[in-house]
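These are my notebook entries on a single protein chain. I set down what I looked up, entry by entry.

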Amino acid sequence: MLVLHFLAIIHPLLGAVDPVKNAQDAGRAIALGAGAGGGAAGAGAGIGSVFGASIQAKTRQPELRADIERDQWLGFALTEATFFYGLVGGFIAAFLF
């Protein structure tokens with residue numbers, strides 16, 4: 001019942017809302033979420049793949065442990081950078097367009 005009273009109060013205000021501006025704000029929020037979320041999902045999958053391959057390589061050839069770990073951390077850093085590219089792309093789409 002309280003919801004109906006609230007709707008009766010704001011009903012006259014609903015005509016004053018600009019639907020185009022709200023649609024643009026919604027699109028910006030979706031762009032930011034998709035950029036950050038897609039970047040995080042891709043980075044998570046990539047990091048899991050890098051560390052999984054590193055574990056397999058170390059168990060197959062333990063004598064190459066130092067070389068494998070060097071490549072592992074390089075792959076981790078490059079994969080983590082993809083998240084920041086997605087985040088920056090989301091910010092650009094949200095705030096510049």
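This is a predicted model: local features need pLDDT of at least 70, side-chain atom pairs count only at pLDDT 80 or more; totals for chains, interfaces and linings use all residues.

**Entry 1: Arg28 and its partner.** I then asked which residue the side chain of Arg28 meets in a salt bridge. The partner is Asp25, with 3.8 Å from N to O. Asp25 has a relative accessibility of 32% and is therefore partly exposed as well. Both Arg28 and Asp25 belong to helix 2, which covers residues 19–60, and they sit 3 residues apart, about one turn of the helix. I noted the general rule beside this: an α-helix has 3.6 residues a turn, so residues three or four places apart point the same way.

**Entry 2: Salt bridges at Arg70.** I counted the salt bridges next, and the structure holds 5. One of them joins the side chains of Arg70 and Asp67 at 3.6 Å, N to O. Arg70 and Asp67 are separated by about one helical turn, because they are 3 residues apart in helix 3 (residues 65–95). Arg70 has 52% relative accessibility and counts as exposed, because the cut-off for that class is over 50%. Asp67, at 37%, counts as partly exposed. The side chain of Arg70 also meets that of Asp71 in a salt bridge, at 3.5 Å from N to O. Asp71 is partly exposed, with a relative accessible area of 43%. I also recorded a network in which salt bridges with shared partners join Lys58, Arg65 and Glu69. In general, side chains of opposite charge can pair when their charged atoms come close.

**Entry 3: The length of helix 3.** How far apart are the end C-alpha atoms of helix 3? They are 45 Å apart. The 31 residues of helix 3, at 1.5 Å a residue, should span 45 Å, so the two values agree.

Entry 4: I listed the residues of helix 3 that are buried: Ile68, Gln72, Gly75, Thr79, Phe83, Gly86, Gly90 and Ala94. Ile92 also lies in helix 3, but its relative accessible area of 38% makes Ile92 partly exposed. I checked Ile92 against Gly35: the two are 57 residues apart in sequence, and their C-alpha atoms are 9.5 Å apart in space.

**Entry 5: Ser54.** Is Ser54 buried or exposed? Ser54 is buried, with a relative accessible area of 4%, which is under the cut-off of 20%. This residue is located in helix 2. When neighbours within four places in sequence are left aside, Ser54 is in contact with Ile68 and Gln72. The side chains of Ser54 and Gln72 make a polar contact at 2.6 Å.

**Entry 6: Aromatic pairs.** I found that the structure holds 5 aromatic pairs. In one of them, the ring centres of Phe51 and Phe76 are 5.8 Å apart and the planes stand at 65°, so the pair is edge-to-face. This pair links distant parts of the chain, with Phe51 in helix 2 and Phe76 in helix 3, 25 residues apart. Phe51 is partly exposed at 25% relative accessible area, and Phe76 is partly exposed at 26%. Phe91 and Phe95 form a stacked pair, 5.9 Å centre to centre with 20° between the planes. Phe91 and Phe95 both lie in helix 3, 4 residues apart, about one turn of the helix. Phe91 is partly exposed, with a relative accessible area of 38%, whereas Phe95 counts as exposed at 62%. Ring pairs also link Phe51, Trp73 and Phe76 into a cluster.

**Entry 7: The chain as a whole.** I finished with the overall picture. The chain has 3 helices and 0 strands, and along the sequence the pattern reads α-α-α. Of its 97 residues, 16% count as buried. The chain exposes about 7100 Å², of which carbon and sulfur atoms supply 73%. Among contacts with a separation of 6 or more, 72% are between residues 24 or more positions apart.

Key:
Residues are numbered from 1 along each chain as its sequence is written. Side-chain values use heavy atoms; hydrogens and water are left out. A salt bridge is a side-chain nitrogen of Lys or Arg within 4 Å of a carboxyl oxygen of Asp or Glu. Helices (H or I, at least four residues) and strands (E, at least two) are DSSP runs, numbered from the N terminus. Buried means under 20% relative accessible area, exposed over 50%, partly exposed in between (1.4 Å probe, protein chains only). The expected span of a helix is 1.5 Å times one less than its number of residues. Contact means heavy atoms within 4.5 Å. Accessible areas come from the Shrake-Rupley method with a 1.4 Å probe; for residues, only the protein chains shown count as cover. A polar contact is a pair of N or O atoms within 3.5 Å; within protein, one must be able to donate a hydrogen and the other to accept it, and residues adjacent in sequence count only if both atoms are side-chain atoms. Rings of Phe, Tyr and Trp (its six-membered ring) pair if their centres lie within 6.5 Å; planes under 30 degrees apart count as stacked, over 60 as edge-to-face and the rest as tilted.
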